[in-house]
Amino acid sequence: MADRERALAAVCDTFVAGDAALPSASALGTHRLLRSEVEALERPALVAELDQFLDTIESPVANLGLIGRAVRFSALGQAEREDYLKRWAGSPIPLKRKAFQVLKRLSLLYTYGLDGSPYAERAGYARQTLDTPAPAAALRITTPRDGETIDADACVVGSGAGGAVVAAALAAAGRHVVVLERGMLRTEMQFDARELPAYASLFLDRGIASTEDRAIAVLAGSAVGGGTVVNWNTSLRLPPGVRDEWRAAGVDDLDRHYDAVESRLDVDADESERNGPNLMLERGLRRLGWSCATIRRNVKGCGDCGACTLGCRRGAKQSTLRTYLVDACAAGAEIVPETEARRIEVQSGRAAAVVARVAGGGQLRIRAPLVALAGGAILSPALLLRSGIAPAQAGRHLHLHPVAVTNGDYPEDLGGHWSGVPQSVLSEEFADLEAGYGFRLEIPAAYPGILAASTPWWGSADHLERAGRFRHLAAVIAIVRDREEGRVTVDAAGEARTHYECGPLERRLLTIAMQRCAELHRAAGARRIATLHTPPLELGADEDFDTFHAAIGRRGVLPNRVTLFSAHQMSTCRIGGSPRDAVADPDGQVWGLRGLYVTDASAFPSASGVNPMLTVMALARRTAERMR
């Protein structure tokens with residue numbers, strides 16, 4: 001164990017060596033925090049992966065073959081260790097690139113994201129004075145007892161966009177509704193704008209979820225309120241072409257449901273002020289003559305705190321925590337947090353009960369003739385697969401909306417991606433490049449930890465210099481509507497695994513997107529432009545743009561050679577016209593099983609192409625009518 005701790009400390013210090021004024025990563029305890037966070041996931045295979053890597057690099061015998069010297073990694077000097085990791089980063093062997101990217105991202109995330117991190121301070125970050133927290137919403141919370149059975153009219157699995165809407169509709173119709181939520185209950189009092197604690201308590205896999213090859217970071221909410229607590233409030237309706245696809249799958253017009261949801265969430269464009277990065281996006285779009293629109297958002301009383309991803313302390317975000325869950329509880333529903341649905345019981349061709357695992361161990365059983373599946377596009381199919389329901393289709397057809405990021409470094413101080421309204425400007429200029437497929441341009445919220453983790457690393461001093469410009473950074477994200485399909489499976493322990501690789505169309509669109517974003521940054525006046533490739537690919541002020549543009553095309557998109565993200569997971573329990581290619585029928589009911597409905601983004605017949613929250617809610621409202 002001592003050898004592994006020494007090796008991990010050396011790895012973290014290679015990525016973050018410090019300088020005369022800054023301690024190294026290990027001096028801050030990054031290596032210990034990193035291990036504890038991986039262990040907290042309770043997935044032994046991930047710990048084994050980490051240990052295997054550490055054993056390899058710390059073995060003199062292994063290094064004799066790897067670098068021609070029988071030496072431990074921890075015994076090398078800083079420059080030698082950096083060269084060692086660069087070889088892994090640029091290796092043609094996917095496993096080496098994967099290992100490099102995982103350790104790079106985690107080392108930087110836990111160094112810069114640490115509360116009070118001197119590296120975040122060096123990058124210009126200062127956590128704003130906290131608002132007085134809004135009064136907690138009126139929710140009925142139930143603490144489960146091991147071995148308990150609760151009788152209900154309906155059990156809703158998940159409390160996010162889909163589950164909360166269904167719970168409110170069924171409770172309003174007089175049904176006794178029990179909502180099971182895998183995540184924790186966090187209210188405004190606990191939203192303290194600390195990055196790492198927020199990831200650990202509000203996100204799937206403590207904020208470090210990814211595809212199995214680690215090539216795409218997966219951001220998904222996991223708390224009472226689900227993704228609506230941590231998203232950036234962007235409220236968009238389906239594009240016309242996608243609506244036509246969905247009609248062919250049996251999903252009729254959603255306008256009536258969109259109207260109702262928008263009214264309840266106070267969706268409008270009245271509180272979409274531009275922060276610095278959004279101003280740069282808008283400036284570039286206007287100068288190029290590309291489409292530019294103000295984003296409609298579900299907020300009421302939004303301000304300039306910027307901590308949207310970490311929970312809205314002032315209660316302005318109209319998440320389900322403050323809207324539909326309040327409605328459901330007012331009508332008699334109860335919420336059971338930190339309780340994970342593990343199996344659905346079936347009797348005589350009908351859903352009969354949900355068996356759940358409670359925090360700390362133990363089991364809870366909810367007997368109900370109606371079950372709404374709303375755990376999200378990763379966890380919902382896992383529940384079906386563990387239950388032996390729809391095994392031929394559950395988990396298939398996964399869409400992720402892969403996202404590429406292109407950074408512009410501007411002369412002016414933009415205030416950082418951690419301040420102001422996170423998303424207020426949208427461009428659909430390239431939304432329909434190839435028969436309904438393309439990408440949309442937006443701005444993300446980001447904090448020092450995730451910014452540092454995503455910034456390309458090619459030496460500690462080089463990365464530190466890049467991080468020092470975070471306040472001048474505008475990161476433009478290109479959200480690709482994907483045609484390629486991945487899959488969610490379960491391992492021997494029944495835990496979800498996300499398998500996805502970009503196909504030829506997605507790789508082409510992501511590459512074009514990075515090139516177009518580079519053009520946008522140049523038009524907006526950026527002094528440097530960079531992609532998230534490894535090794536770094538950057539255009540300086542006096543360098544040739546056409547050469548840089550062509551280099552993006554040559555580099556393209558390969559797993560773990562460019563950092564990609566996904567915040568939208570869809571279609572793994574999709575609605576369709578036949579059980580041969582869909583889990584649910586056009587009413588949202590699982591084919592061949594009465595009383596079990598799919599009411600989250602996993603029900604999408606195909607990728608939405610836009611931020612999915614509003615459509616999840618509209619589709620769930622439509623399904624709830626059929627459940628009643």
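1. Contact is taken here as heavy atoms within 4.5 Å. The model is predicted, so local features need pLDDT of at least 70 and side-chain atom pairs count only at pLDDT 80 or more, while totals for chains, interfaces and linings use all residues. Residues are numbered from 1 along each chain as its sequence is written, and side-chain values use heavy atoms, with hydrogens and water left out.

2. T572 sits in the loop between β21 (564-566) and β22 (596-598); strands are DSSP runs of E, at least two residues, and helices runs of H or I, at least four, numbered from the N terminus. T572 counts as buried because its relative accessibility is 1%, the limit being under 20% relative accessible area (1.4 Å probe, protein chains only). Leaving aside neighbours within four places in sequence, T572 is in contact with A377, P381, Q393, A394, G395, R396, L398, V488, V583 and S602. A polar atom of the T572 side chain lies 2.6 Å from the backbone oxygen of A377.

3. Residues up to four places away in sequence not counted, L180 touches C155, V156, V157, G158, V336, T339, A341, V354, A356, L364 and I366.

Terms used. Buried < 20%, exposed > 50% of the residue type's maximum accessible area, 1.4 Å probe, protein only. Polar contact = N/O pair within 3.5 Å; in protein donor to acceptor, adjacent residues only side chain to side chain.
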